[in-house]
Amino acid sequence: LIKDAVESVFRIKGREPGKPVSVIVSDMAMFERIVQPPPPVFKAIAARFWPGPLTLVLRAVPGIPDDILGPDRTIGIRFPRIDWLRALVKTLGAPITATSANVSGEKELYDPRDVKRAFAGLVDLIVDGGRTPGLLATTVLDLTGDKPRILRDGQIDRSALEEFLE
């Protein structure tokens, strides 16, 4: 089921095969079920930036499908600020994929009407959470090495993360 869903995301978005897909969790209990114990710096980073626009890359526990993992069985995890989204994920009981609502390589879509036009007939369900503010993508921070490393600049400025990067 997960493999089929991930393949659909790649096909519909025209996403490059093998590119990792991050997931959204509803709470820390769900987070802990899918990752190996994080490094000590995780607690301080999560306390300051979660929930929020930060994707953390950590090592996945055994049993997480390879289809969503990055190199060395890593997984990107978001804990979003959006209450209804966290409630939806909690109701589903499992993390959901978290890619932008656009075809790969094309501009990001912020208006639900544009999303519906772009993906009508291609997806089973579109949840209309209203127009997004059009902010930068999430910042992606890799916690799998000796020191945290920014993989993608985004909404959280590098200067806000500086103390964790040293």
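The crossing of helices α3 and α6 is right-handed; by that term I mean that the near helix is turned clockwise from the far one by less than a right angle, anticlockwise being left-handed. The model before you is predicted, so local features need pLDDT of at least 70 and side-chain atom pairs count only at pLDDT 80 or more, while totals for chains, interfaces and linings use all residues. Residues are numbered from 1 along each chain as its sequence is written, and side-chain values use heavy atoms, with hydrogens and water left out.

Let me stay with this pair. Helix α3 spans residues 41-49 and helix α6 residues 158-165, and they pack at an angle of about 160° with their axes 11 Å apart. Helices (H or I, at least four residues) and strands (E, at least two) are DSSP runs, numbered from the N terminus. Axes are lines fitted to C-alpha atoms, for helices over the stretch in contact, and angles run from 0 to 180 degrees between N-to-C directions. The two helices are therefore roughly antiparallel, a term for angles over 145 degrees. On the α3 side, V41, A44, I45, R48 and F49 meet A160, L161, E163 and F164 of α6, where contact means heavy atoms within 4.5 Å. These residues divide into 7 nonpolar, no polar and 2 charged; Ala, Val, Leu, Ile, Met, Phe, Trp, Tyr, Cys and Pro count as nonpolar, Asp, Glu, Lys and Arg as charged, and the others, Gly among them, as polar.

I turn now to helix α4, residues 83-92. Which of its residues are buried? They are L85, R86 and V89, buried meaning under 20% relative accessible area and exposed over 50%, with a 1.4 Å probe and protein chains only. They cover an arc of only 100° around the axis, which puts them on the same side of α4; the arc is that of the directions from the helix axis to the C-beta atoms. The buried residues pack against β1, α2 and β4. The face turned away from them carries the exposed residues D83, K90 and T91. After α4 comes G93, with a positive phi near 85°.

Two loop residues remain. A98, between β4 and α5, is buried at a relative accessible area of 13%. Leaving aside residues up to four places away in sequence, A98 touches V21, S22, V23, I24 and R78. I68 lies in the loop between β2 and β3, and at 8% relative accessibility I68 is buried. With the same exclusion of residues up to four places away, I68 touches V6, P20, V21, V23 and I75.

Methods: Parallel < 35°, antiparallel > 145°, perpendicular 65-115°, else oblique.
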